[in-house]
Amino acid sequence: MPAFPSTHSGGAARRAERLGHTAPAGQSSPSKQPFWKLLPDVWVLIKPRRGILAVGFVLMMINRVSGFVAPLSLKYLFDDVIGKHQGHLLPRIVLAVIGATIVQGLTSYSLTQLLSKSSQRMITELRVKVQAHIGRLPVSFYDANRTGVLVSRIMSDVEGIRNLIGTGLIDFLGGIITAVLALGYLLRVSVSMTTAAFVAVLIFGLGLSRALKKIRPMYRARPKLNAEVTGRLTESLGGVRVVKGYHAEEREEKVFQSGVQKLLDNVLQTLTATSLMSFSATALMGIVSASMMFLGARNILAGTMTPGLLVSYMALLAMLIAPVAQIASIGPQMTEALAGLERTREVLNEQLEDQDPRRTERLDRVEGRVVFDGVDFAYDPGKPVLRGVSFESAPDTVTALVGPSGAGKSTIIGLIAAFYVPTAGRVLVDGIDLAHVRLDSYRTQLGVVLQETFLFDGTIRENVSFSRPDATEQEILAACRIARVDEFAETFEKKYDTVVGERGVKLSGGQKQRVSIARAILADPRILILDEATSSLDSESEALIQEGLRYLMRGRTTFVIAHRLSTIRRADQILVVEAGQIIERGTHASLYAAEGRYYNLYTKQQGIETNLFLAPGEGGSEPEEIPGANAETDASGARDAGLPDAIRMIRERRT
């Protein structure tokens with residue numbers, strides 16, 4: 001489907017969007033652009049379907065012309081058949097009316113089938129397009145928009161656009177054409193009567209135009225309100241354990257009730273406005289009809305009009321007034337469609353991650369040398385998160401980031417993963433600035449195990465193979481074995497085909513993290529990021545998994561975020577981050593001997609816990625003795641002996 005015309009205006013807005021400064025999709029101010037400025041977007045939707053619309057237009061013309069047969073035949077029925085007793089004309093008139101009615105029915109059916117189905121296909125294509133576009137937007141866009149709001153953008157905003165392609169638009173155009181044809185005939189019959197009726201219709205049309213201008217903001221506001229309610233509801237349902245844990249059901253009910261009440265108020269306002277328009281249209285038809293009956297009767301008494309001609313005139317007069325009344329119902333539908341079109345265009349005009357013209361470099365096989373060169377970063381202007389960060393991580397090394405919460409560790413990881421672009425300085429991978437790299441060539445060589453594990457509502461096998469959908473069953477099982485997923489998966493009735501539930505709710509925190517680790521192992525990345533990767537594991541499970549992770553880290557550039565400092569004692573370099581700056585760097589031994597900030601953090605933790613085993617991120621050429629990892633002292637050692645072979649198999653297949 002063709003893309004919407006790009007309107008990337010405003011350099012400041014574009015720069016801000018990269019850093020998450022764009023207005024949230026559900027909270028942006030409603031556009032107040034006039035209809036004619038939306039015509040290019042309307043044409044983009046209509047252009048691929050112009051053939052279908054052309055056929056629909058022809059069918060509509062046949063339908064409308066057929067509609068003239070019945071009212072025109074009334075003149076001959078009353079004046080000739082009844083008035084002059086010409087009975088031989090009656091069968092012809094009846095057959096003509098029946099034939100015209102059949103043609104009308106067939107064309108109406110064809111129009112509905114042709115245009116309604118086409119509009120539904122368009123909605124499906126547009127939803128797919130919007131979802132694909134949103135999926136390729138930078139992480140900063142997701143930081144600024146709630147999940148529920150984005151779901152509403154994809155599913156709800158495009159729904160009203162069906163009226164641009166469906167029967168609504170054709171009916172509207174057909175009504176206008178019918179009115180023009182009827183007006184021509186009515187002027188031939190009586191200029192004075194028709195002029196009076198047309199003036200009344202014109203006055204009503206001007207009032208209706210003003211009413212639609214007032215209604216349009218209401219329809220623009222409705223998707224925004226709906227997105228806000230949907231967003232909050234999605235959050236509430238996703239955090240149901242927190243809600244119940246704090247007995248906050250009643251509070252959430254009030255929040256939701258407040259949101260739907262605002263939505264109801266908006267709907268009631270639009271219903272009131274449309275009802276008034278419908279009432280006005282009905283009143284107009286009654287007043288004009290009564291006036292024409294009065295004038296027509298006087299003309300009959302004066303001998304300038306026959307009864308049959310008056311009946312035919314009144315029937316055709318309804319065809320003149322009907323399109324104006326039709327605007328009262330179709331107008332709001334078109335307004336809703338244009339409002340949805342505006343909001344959809346807002347999303348599609350957001351710049352994709354890879355649309356940056358600077359991103360031209362492709363990385364084939366990453367060696368893994370990562371360099372931060374004077375990097376500054378801020379999510380919001382004037383509020384720096386990182387200041388002058390510089391360091392280098394060589395291939396086959398482990399770099400550990402330590403420091404208090406909010407120091408900037410996760411931001412550094414986000415820059416390594418190319419989720420963000422530095423506001424100043426450079427992040428280099430193998431000597432190439434990440435700001436110039438095609439992300440599709442880089443992220444396929446990146447492995448991430450986050451503290452907040454995310455699993456899809458699928459099977460264990462599907463979640464593990466998410467990093468490499470083309471992996472063989474043998475490779476998936478090998479990765480599961482390395483991450484100790486097999487220990488619990490084999491106990492389930494459906495084993496690896498067990499559905500884990502939304503966000504892995506049917507698994508424990510430790511089990512979810514093992515699946516996440518297996519997913520990273522299967523990806524066989526060149527750069528590995530472990531953000532408290534074993535924080536949800538107990539000491540015994542952590543000891544069992546660390547052997548596989550240690551082999552996984554060999555030959556890769558690994559970055560570890562660790563709050564438990566005893567787990568990173570063997571890292572090749574430790575960076576102490578505080579207030580967005582690296583205040584200390586070195587190995588565990590050198591930093592401990594310096595008795596600086598790292599020494600204070602480490603000794604403080606050691607006073608609270610005595611955690612002596614080494615966990616993922618320690619690195620080192622020779623693994624230490626770990627309970628449960630010795631083939632001679634533990635029953636699980638027989639499996640451990642095969643771990644290097646399993647990893648070697650995954651690497652060979654990956655290469």
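Visitor: What is the relative accessible area of phenylalanine 456?
Guide: This is a predicted model, in which local features need pLDDT of at least 70, side-chain atom pairs count only at pLDDT 80 or more, and totals for chains, interfaces and linings use all residues. Residues are numbered from 1 along each chain as its sequence is written, and side-chain values use heavy atoms, leaving out hydrogens and water. Buried means under 20% relative accessible area, exposed over 50%, and partly exposed in between (1.4 Å probe, protein chains only). Phenylalanine 456 is partly exposed, because its value is 36%.

Visitor: How many aromatic pairs are there?
Guide: Rings of Phe, Tyr and Trp (its six-membered ring) pair if their centres lie within 6.5 Å; planes under 30 degrees apart are stacked, over 60 edge-to-face, and the rest tilted. By this rule, the count of aromatic pairs is eight.

Visitor: Which type of aromatic pair do phenylalanine 391 and phenylalanine 559 form?
Guide: The ring centres of phenylalanine 391 and phenylalanine 559 are 6.5 Å apart. Their planes stand at 65 degrees, and the pair is therefore edge-to-face.

Visitor: How far apart in sequence are the parts that this pair ties together?
Guide: Helices (H or I, at least four residues) and strands (E, at least two) are DSSP runs, numbered from the N terminus. Phenylalanine 391 lies in strand 2 (residues 383-393) and phenylalanine 559 in strand 8 (residues 557-561), so the parts are separated by 168 residues.

Visitor: Is arginine 484 buried or exposed?
Guide: Arginine 484 is found in the loop between helix 17 and helix 18 (486-489). Its relative accessible area is 2%, so arginine 484 is buried.
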